[in-house]
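Let's take a friendly walk through a protein model, one part at a time. Keep the structure open beside you as you read.

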Amino acid sequence: MQALTDLDLTAPRESITVLLGPNGAGKTTAIRMITGALNPDKGQVRVFGLDPAVDGEEVRTRCGVVSAKPALYDRLTGWDNLAYSAELYGLGRGDAAATAIRSSATRFGIDDALDQQVGGYSTGMKTRLALARSVMHEPDLLLFDEPTSGLDPESSHAVLEMIREMADTGSTVVMCTHLLLEAEGLAEKVVVLEDGTDLIAGAPDELTQRYWPGMVVRLDAEDPVGLDRLAHAEGVMSYERHERGVAASGTGTGSATVQLDDLARVPELVFALAEAGVRVTRVEPRIPTLEDLYFAVRDGREAFSEKGHGDTGSAASDGKEVAA
Amino acid sequence: MNWGRVSTVARTDLRQLIQAKDFWVPMMILGAIFFFFVPTILLLAITRVGDINAVQQLSNALEVLPQQAQDQIQGESPAGRAAYAMAVFLFAPVAVVVPLTISTAVGAATIVGERERGTGEFLAHSPAGVKEIYLGKLIASLIPGYLTTLVGFGVYSLVVNLIVGPEVGGWFFPTQQWWILMLWVVPPFLALTLSLVLRLSARVKSTAAAQQASGLVTLPLIMVAYSQSTGALFGAGSASIWIGAIAWIVAIVGLTQGMRVVTRARLLGVADGI
């Protein structure tokens with residue numbers, strides 16, 4: 001089984017790159033290959049210009065990782081968990097390590113619980129501790145694999161805010177998630193993965209512009225067939241009608257989605273429909289979300305399977321290419 | 001090889017063991033049974049028993065020991081001679097069974113446990129080399145068993161000297177052969193056993209499976225160690241030196257081979273065969 005095939009991933013500095021994809025898409029494998037925890041059978045991985053298979057120790061020293069499971073030692077205290085990491089990452093056991101431990105724990109609001117055994121922590125506290133551990137040695141690249149996994153909405157929001165702050169303070173973050181809402185507003189670059197390959201990559205705005213070059217407006221009408229006259233109206237770039245069923249009155253209800261070259265055309269279109277006797281019940285301009293983009297990419301993956309369309313990253317290779 | 005990281009891995013594993021009372025309390029009880037309660041009861045029974053015939057029979061039974069061993073037995077009275085033989089020759093397996101049992105229990109869970117808890121992911125992404133992780137875990141598995149044995153050996157020596165010493169003219173234990181056994185013969189058998197156990201721990205899917213498989217694999221090894229230890233005590237000093245030397249060579253080969261089994265993929269649980 002191939003976990004990754006022909007993946008081309010470049011993470012811009014001091015920004016958040018989100019790997020988006022369903023379970024089994026290859027997100028975790030990508031992170032494991034970036035640190036050299038796994039090595040590709042073919043192709044190449046370059047991180048900081050280094051090959052993790054050869055210079056694994058240096059690459060891993062410059063990375064901070066938070067796994068889907070926090071990967072903490074439950075029998076040890078929070079302090080001991082951080083101290084273990086500090087030693088493995090070369091901070092030693094002296095004052096410098098103690099300062100780094102306190103500083104990172106304070107940053108993530110876990111300093112009061114450092115003397116408690118991690119087994120007694122809540123899931124949110126564990127995630128905070130794992131985040132603190134990942135930044136303690138001041139890595140150049142942070143790799144977060146579904147960091148909000150198992151968290152309640154409030155804790156998830158707090159963790160995502162922390163991740164945003166990290167990028168704001170100059171960290172380079174690569175984050176995996178299958179939760180589209182999580183990536184929304186956080187990602188400066190999105191890479192949509194499926195079956196181990198990247199379907200599309202780029203800034204969310206740039207990608208939505210590519211899929212929906214015009215403004216998208218949804219219109220509901222009592223007689224949806226009447227909306228069809230919009231298909232040939234001036235300024236309408238695309239038109240799609242969606243039947244939704246039959247209302248209690250016996251009239252059909254439904255909606256249509258149109259792409260316009262300018263949102264200012266909406267009033268004149270509604271006026272034209274009213275003149276034609278079409279009773280419009282709702283007009284809603286829609287800004288495409290990441291979710292729209294995701295499903296559009298997946299639904300249209302045949303058409304967009306060609307590599308390199310608009311990707312700001314490196315050129316595709318014949319094997320796996322992961323660069324950061 | 002970064003020995004600082006080896007030490008870090010070993011210390012952290014040991015720190016976790018110390019926190020696990022459910023593990024070390026039974027192990028302490030095991031050591032106490034083998035090194036204190038059983039020898040105390042048996043030696044007291046021999047030296048303080050009123051049945052002269054029973055002691056005489058036991059003393060006669062010593063004639064089945066090799067002549068070299070018989071020549072070493074001290075004591076004038078039948079009770080003294082029987083107690084001396086019991087203390088010096090018959091408890092050797094204890095010195096082997098206890099460390100092997102304890103270290104096998106620790107070692108079996110060490111790598112598969114990281115995988116089960118998800119902490120293998122942390123180690124796999126850390127700068128620590130797989131050899132450093134392997135050696136750290138080997139040391140962490142070896143220390144509890146060997147330490148228990150050394151402490152138990154001290155207690156056993158005290159028991160033997162206090163109970164048997166007056167029968168043979170004073171404190172006499174440990175004998176030279178026991179020193180060789182404890183410092184030269186037992187450690188390589190322990191290392192060899194652990195090299196097999198760590199291999200199993202890296203390959204199997206669960207801690208329970210590792211415990212089961214380790215029991216099967218180490219049982220023959222315990223028997224070999226048992227017989228070799230007994231032989232080391234019965235034989236001349238040179239015999240135990242040779243037994244120890246051969247055991248060290250086999251152990252070093254086993255440890256070197258075992259080092260290759262720990263991989264980052266296995267820490268993550270994605271290697272073939274897991």
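## Chain B as a whole

In chain B, take the contacts between residues at least 6 apart in sequence: 83% of these join residues at least 24 apart. Two residues are in contact here if their C-beta atoms, placed from the backbone, lie within 7 Å. This is a predicted model, in which local features need pLDDT of at least 70 and side-chain atom pairs count only at pLDDT 80 or more, while totals for chains, interfaces and linings use all residues. Residues are numbered from 1 along each chain as its sequence is written, and chains are lettered from A and ligands numbered from 1 in the order in which they are written.

How many helices and strands does chain B have? It has 13 helices and zero strands; helices (H or I, at least four residues) and strands (E, at least two) are DSSP runs, numbered from the N terminus. Along the principal axes, the C-alpha atoms of chain B fill a box of roughly 65 × 35 × 30 Å. Of its 274 residues, 45% are buried. A residue is buried if 20 or more other C-beta atoms lie within 10 Å of its own, exposed if 12 or fewer, and partly exposed in between, with C-beta atoms placed from the backbone.

## Where the chains meet

Now look at α5(A), which has 13 residues and reaches 19 Å from its first C-alpha to its last. That is close to the 18 Å expected at 1.5 Å a residue, where the expected span is 1.5 Å times one less than the number of residues. Eleven of the 13 residues of α5(A) are buried, so this helix is largely enclosed by the rest of the structure. The buried residues include A:M125, A:L129 and A:V135. They pack against β4 (63-66), α3 (78-88), α4 (95-107), β5 and α6 (153-168) of chain A.

The axes of α3(A) and α5(A) come within 9 Å and cross at roughly 25°; axes are lines fitted to C-alpha atoms, for helices over the stretch in contact, and angles run from 0 to 180 degrees between N-to-C directions. That makes α3(A) roughly parallel to α5(A) (angles under 35 degrees count as roughly parallel). A:G78, A:N81, A:L82 and A:S85 of α3(A) meet A:L129, A:A132 and A:R133 of α5(A).

Most residues other than glycine have a negative phi, and most peptide bonds are trans. A:F48 has a positive phi, near 55°, and sits in the loop between β3 (43-46) and α2 (56-61) of chain A. A:F48 is partly exposed, with 14 other C-beta atoms within 10 Å.

Phi of A:E138 is also positive, near 50°. Is A:E138 buried or exposed? With 12 C-beta neighbours inside 10 Å, A:E138 counts as exposed. In chain B, a cis peptide bond with omega of about 5° joins B:F173 and B:P174.

Terms used:
Angles under 35 degrees count as roughly parallel, over 145 as roughly antiparallel, 65 to 115 as roughly perpendicular and the rest as oblique.
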